[in-house]
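Have the viewer open as you read.

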Amino acid sequence: MGGSARNQGVPEGDDALGQSPYQRLSQRMLDISGDRGVLKDVIREGAGDLVTPDASVIDITLWGMELGLLSMRRGELARFLFKPNYAYGTLGCPPLIPPNATVLFEIELLNFLDSAESDEFCALSAEEQDQFPLQKVLKVAATEREFGNYLFRQNRFYNAKVRYKRALLLLHRRAAPLDEQHLVEAAKLLILLNLSFAYLKLDRPIKALRYGEQALLIDQKNAKALFRCGQACLLMTEYQKARDFLVRAQKEQPFNHDINNELKKLASYYRDYVDKEKEMCHRMFAPCGDGSTVGET
């Protein structure tokens, strides 16, 4: 789930009418918790469906914020008041939030993923999944990939890889009509590129190369796939293969900063490798004290 939140920090002091700013604000806010512990005021309407009731809200520590998010739609901007038992409680959050504080947040919901729908679909047998239209399969695969992207951004590369592989399995299982095959191939390409990158992050270059090469079977001129393959070969010290992939990637995107830097890195690594090889050969054939050379019988 993507969004942004800002704590307004409205002061608690009374005004001329004997009401605090919170009390005046709360009079025009909607009660979404049933006990006026979480109040909401929509600043900008969102679109589409509400966040699903069984959605998992990740990296949220306030109960009130979780309830608030579950009342929102994509693109919505809203203001929330959280009473202490829905916010920081009797302890507060020193030094900024005092004990028993009512807090004001503005939250913008940028996007969310329906993981429940995806999990339910993936739990079905292959035969049951085949009963659904291709668009359903593509939607679930896209959700799995986006979940993987979220986990990747959290540096949880192993978990991201699991989501990507689940998405790929869904697409491998499904046979599409010829006129829709390009949709499946396009979806596979994105997942294969993500898998290759995830395995690079996991320091498993052989797997990264395998998925990069699968991506090239779909699009042989894909610069990102060529780049990933080049990176994997460089990690495996297969310098000639790395150069071949990276030069092909550079041909597709001549001014790509990452590709050009990787070629410079390759040149540096290769020079070091050649220097070490020369030094080893020199030692092998250097004359010994008796006039013979190392390895001479």
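Counting disulfides (pairs of cysteine sulfur atoms within 2.5 Å) gives zero here. Keep in mind that this is a predicted model, where local features need pLDDT of at least 70, side-chain atom pairs count only at pLDDT 80 or more, and totals for chains, interfaces and linings use all residues. Numbering starts from 1 along each chain as its sequence is written, and side-chain values use heavy atoms, with hydrogens and water left out.

So what keeps C229 from bonding to its closest cysteine sulfur? That sulfur sits in C233, and at 6.7 Å it is too far for a bond. As for burial, the scale goes like this: buried is under 20% relative accessible area, exposed is over 50%, and partly exposed is in between, using a 1.4 Å probe and protein chains only. The table puts some residues on that scale.

| Residue | Relative accessible area | Class |
|---|---|---|
| C229 | 0% | buried |
| G68 | 0% | buried |
| C93 | 36% | partly exposed |
| N155 | 55% | exposed |

Helices (H or I, at least four residues) and strands (E, at least two) are DSSP runs, numbered from the N terminus. On that basis, the protein chain has eleven helices and seven strands.

G68 belongs to helix α2, which covers residues 63-69. Which residues does G68 touch once its neighbours within four places in sequence are set aside? They are I32 and F80, taking contact as heavy atoms within 4.5 Å. The C-alpha atoms of G68 and F82 are 9.4 Å apart, with the two residues 14 positions from each other along the chain.

Now for the loops. Between β6 (77-82) and β7 (103-111) you'll find P95, and the peptide bond joining P94 and P95 is cis, with omega about 0 degrees. N100 is in the loop between β6 and β7 too, and N100 has a positive phi, about 55 degrees, despite not being a glycine. N155 also has a positive phi without being a glycine, at about 65 degrees. Look for N155 in the loop between α5 (134-153) and α6 (157-173).

Zooming out, the protein chain has 297 residues, 40% of them buried. Of its contacts with a separation of 6 or more, 59% are between residues 24 or more positions apart. Its accessible surface, from the Shrake-Rupley method with a 1.4 Å probe and, for residues, only the protein chains shown as cover, comes to about 17,200 Å², with 53% belonging to carbon and sulfur atoms.
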